[in-house]
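Here are my notes on the model you sent. Please read them with the structure open.

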Amino acid sequence: MGFSEKVFSDFAAVAVEGALKDANIEWKKIQAIMAGIFIYGGNAGHLSGQYLESIFGETGVPVVNVYNACATGSAAIRMAYNSVAAGETDTALAFGADVSPKGFLTAKSDNAVQDRDVIRWKMGGLPNPIYWALECRKRMEKYGTTEEDLALVKVLMSEYGAKNPDARFKKPYTMEEVLNSVYVCDPLRLYEICPVSTGAAAVIVTADKELISKADKAVKINATTMGSSIYGDPTIRISALSCPAVAEAPMLSESYSASRQAYEKSGIGPDDIDVLELPDNSSWHYLVYLETCGFCKEGEADKMLRDGMTKIGAKLAVNPSGGFSSHGEALSAQALWQVIECANQLRGRGGARQVEGAKVAMAQTYGLMGNSGTTILTL
Amino acid sequence: MENMANKVARIPNLVDWSTGEVRLMSAKCNSCGTHFFPKEHYQHRPGCSREGVEDVLLPQKGKLASYTIQYYPCPAPFKTEKKITPYGIGLIEFEEEKIQVTGIITETDLKSLKLGMEMETTILEMFTNEEKQQVVTWAFRAVK
Ligand SMILES: [Zn+2]
């Protein structure tokens, strides 16, 4: 069966099989399944956990299906973690799988009163990257971010993607090539925006000492949190047609909230983190997320990037995987994929892009309309 | 103002031209002071009693707080009879109402766009429907 004939549950099965093998755990040890919903998959996609369970053999365990847009995987792992932490189960599975429709994502309902997404598609002329371009322009005006800064993000991401055998895009780009790529929505160019992708990811969370001892370097989850938006956040959110003109909360406040909750719960702060996987949906995201998550002050991310402070080998390695820029995004899988990338860095499996001596890693997501999750991991 | 007879908004309750000027239909919460657009998309301050929400029209003029130029046609269900790409999209700030609203910019000289410039609300003709009406969306243009 060719790649294009495969369905989301085929991809999910590959990811779950991989997680079971990697953890050296039998299927029957899984006591709960937290499944990311695949929204384009109809009944099967909305009950993805049940479909997945039937492939591996139904065992009657609790199955919960969850959707939080691009932070769907964050919700799944958080539920798996909380189930284990609460003592409800010893071992829980979180997975997400998505087959992306071709081209831009578009409207899913026809009721403009309950779903403002309908208005932005029918009357607004507003595909997703426009929202990022509007924020990017503001940033350029306010902090002096240049087109070269935006291009440099892609240069760096493609350098790492080229070293990652699992990346979808493996070609390294020069500054000149990025700056010569066409504008999608000025100031953002084609190579500075991540595409949609097909993919799956699965994580097993356990407190079972015997299982932990059998795994190849199990990593610890110090915190896994979710945040939503805060009143007065000036960011123009995807789907929205307006935003506050006067800021009363931080930009991307859902991600500000998720990361601060994680810092508080784990007792780990930005200074302690060696590896950060952030959601580089566009070059603008790469810059703003360093600030939103407290790795520098507002307006300082460009300097961090230019000075090489976000490179592998610097104090903080940002997206050593090559990021969404090198992988695209597969909605319900991507947050879990980021956690796996972080775990593999801590386990020394980074290959040519290994961050030497990495002990603390953080995975940060960004989802539509005020959804975000943060996971902090240690060896 | 252009002749608005025989024009209909693609989705109702967003743009009004009954006053003789094209203006966006907003709502204001008299308890927490927040303006909403679209008017049903409430975003109250936490703790607000949510009492006294009334329909208001935004001013006709605002300032360009940000913009982008979109080079690819917006996918369906967006639809225009004429090719409009590349088109500008702006965030127009209504200062007193403390709200910024997105909208297509009808200027064809996209190089002339500058942050802070004064913009006015207008309409963009999208297509002709089966009743031979011009179906429109709200838009913005530079104040000449
Ligand atoms: Zn209110």
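1. Start with one pair of residues. Ala223(A) stands opposite Ile376(A), a residue of strand E12(A). The two strands concerned, E7(A) and E12(A), are antiparallel and share seven bridges. Keep in mind throughout that this is a predicted model.

2. Now the sheet around that pair. It is an open sheet of five strands in chain A, ordered E7-E12-E11-E9-E10, and its pairing is mixed. Strand E7 (220–227) and strand E10 (317–318) of chain A are the edges, each pairing on one side only. Helix H4 (residues 72–85) of chain A packs on the sheet and touches both E7 and E12 of chain A. The direction of H4 makes about 125 degrees with that of E7(A).

3. Look next at Thr375(A). This residue lies in strand E12 (residues 372–378) of chain A. Is Thr375(A) buried or exposed? Thr375(A) counts as buried, because its relative accessibility is 3% and the cut-off for buried is under 20%. Its side chain makes a polar contact of 2.9 Å with the side chain of Thr224(A).

4. The surroundings of Thr375(A) deserve a look too. Beyond its neighbours within four places in sequence, Thr375(A) is in contact with Ile77(A), Ile221(A), Ala223(A), Thr224(A), Val339(A), Ala361(A), Met362(A) and Ala363(A). Glu277(A) is 98 residues away from Thr375(A) in sequence, yet their C-alpha atoms are 10.0 Å apart in space.

5. On to a helix pair. Helix H7 (residues 147–161) and helix H11 (residues 283–292), both of chain A, pack at about 95 degrees. Their axes are 8 Å apart. That angle makes H7(A) roughly perpendicular to H11(A). From H7(A), the residues at the contact are Leu150(A), Val153(A), Lys154(A), Leu156(A) and Met157(A). They meet Ser283(A), Trp284(A), Tyr286(A) and Leu287(A) of H11(A). By class, the contact has seven nonpolar residues, one polar and one charged.

6. Asp302(A) is worth checking by eye. You will find Asp302(A) in helix H12 (residues 301–306) of chain A. At 2% relative accessibility, Asp302(A) is buried. Which side chain does the side chain of Asp302(A) make a polar contact with? The partner is Arg139(A), at 2.7 Å. Leaving out residues up to four places away in sequence, Asp302(A) touches Arg139(A), Thr145(A), Asp149(A) and Leu287(A).

7. Chain B next, with strand E3 (residues 23–29).

8. In one, strand E2 (residues 15–16) of chain B pairs with E3(B) in the antiparallel sense over two bridges. Here Asp16(B) stands opposite Arg23(B) of E3(B). Six residues lie between the strands of this hairpin, and Gly20(B) takes a positive phi near 95 degrees.

9. Two bridges link E3(B) to strand E4 (residues 35–36) of chain B, and the strands run antiparallel. Lys28(B) stands opposite His35(B) of E4(B).

Definitions and conventions
Residues numbered from 1 in each chain as written. Chains lettered and ligands numbered in written order. Predicted model: local features only at pLDDT ≥ 70, side-chain atom pairs only at ≥ 80, totals over all residues. Heavy atoms only, no water. Helix = DSSP H or I, 4+ residues; strand = E, 2+ residues; numbered from the N terminus. Buried < 20%, exposed > 50% of the residue type's maximum accessible area, 1.4 Å probe, protein only. Contact = heavy atoms within 4.5 Å. Polar contact = N/O pair within 3.5 Å; in protein donor to acceptor, adjacent residues only side chain to side chain. Axes fitted to C-alpha atoms, helices over the stretch in contact; angles between N-to-C directions. Parallel < 35°, antiparallel > 145°, perpendicular 65-115°, else oblique. Nonpolar A, V, L, I, M, F, W, Y, C, P; charged D, E, K, R; others polar. Pairing = 2+ DSSP bridges.
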